[in-house]
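Please open the model in your viewer and keep the selection tool at hand, as this tour goes from one selection to the next and says what is to be found at each stop.

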Amino acid sequence: YSSEEVRKIMPLRKSNAENSYVIPEEERITIVHNRKIKCDNDHPVVYYTIEENGFAVCGYCDMKYILK
């Protein structure tokens, strides 16, 4: 997926982590090859399973994981 396609599918949300730092938009998209992922970008470790929609978004830092 291109960044433009991803933005149409998943509009950006405001980060909700209390001590969050700003990750530039173009760096908030990560292509992954496994359905089970871990995110620990300067926040508590969280695990996600990518469902049928093909992506998961971290509730802390808004990192978008897209299954390829």
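Begin by selecting V32, I37, C39, V46, I50, A56, C58, C61, M63, Y65 and L67, the eleven residues of the largest nonpolar core; such a core is a set of buried Ala, Val, Leu, Ile, Met, Phe, Trp, Tyr and Cys residues joined through side-chain atoms within 4.5 Å. Buried here means under 20% relative accessible area, with exposed set at over 50% and partly exposed in between, for a 1.4 Å probe and protein chains only. Strand 2 and strand 5 each supply at least two residues of this core, where strands are DSSP runs (E, at least two residues) numbered from the N terminus.

Before going further, note that this is a predicted model, in which local features need pLDDT of at least 70 and side-chain atom pairs count only at pLDDT 80 or more, while totals for chains, interfaces and linings use all residues. Residues are numbered from 1 along each chain as its sequence is written, and side-chain values use heavy atoms, with hydrogens and water left out.

Keep Y65 selected and show what lies around this residue: leaving aside neighbours within four places in sequence, Y65 is in contact (heavy atoms within 4.5 Å) with T30, V32, I37, K38, C39, N41, I50, G54, F55 and A56.

How many disulfides does a search of the whole structure find? The search finds zero, a disulfide being a pair of cysteine sulfur atoms within 2.5 Å. C61 is in no disulfide either, its nearest cysteine sulfur, that of C39, being 3.7 Å away. C58 is buried at 0% relative accessibility, and C61 is also buried, with a relative accessible area of 9%.

Strand 1 pairs with strand 5 (residues 64–67) in the parallel sense over four bridges, and V32 has L67 in strand 5 as its bridge partner.

Finally, select strand 2 (residues 36–39) and strand 3 (residues 46–49), which pair in the antiparallel sense over four bridges. Here K38 has Y47 in strand 3 as its bridge partner. These two strands form a hairpin with six residues between them, and in the turn D42 has a positive phi of about 60°.

Note on methods: Two strands pair if DSSP finds at least two bridges between them.
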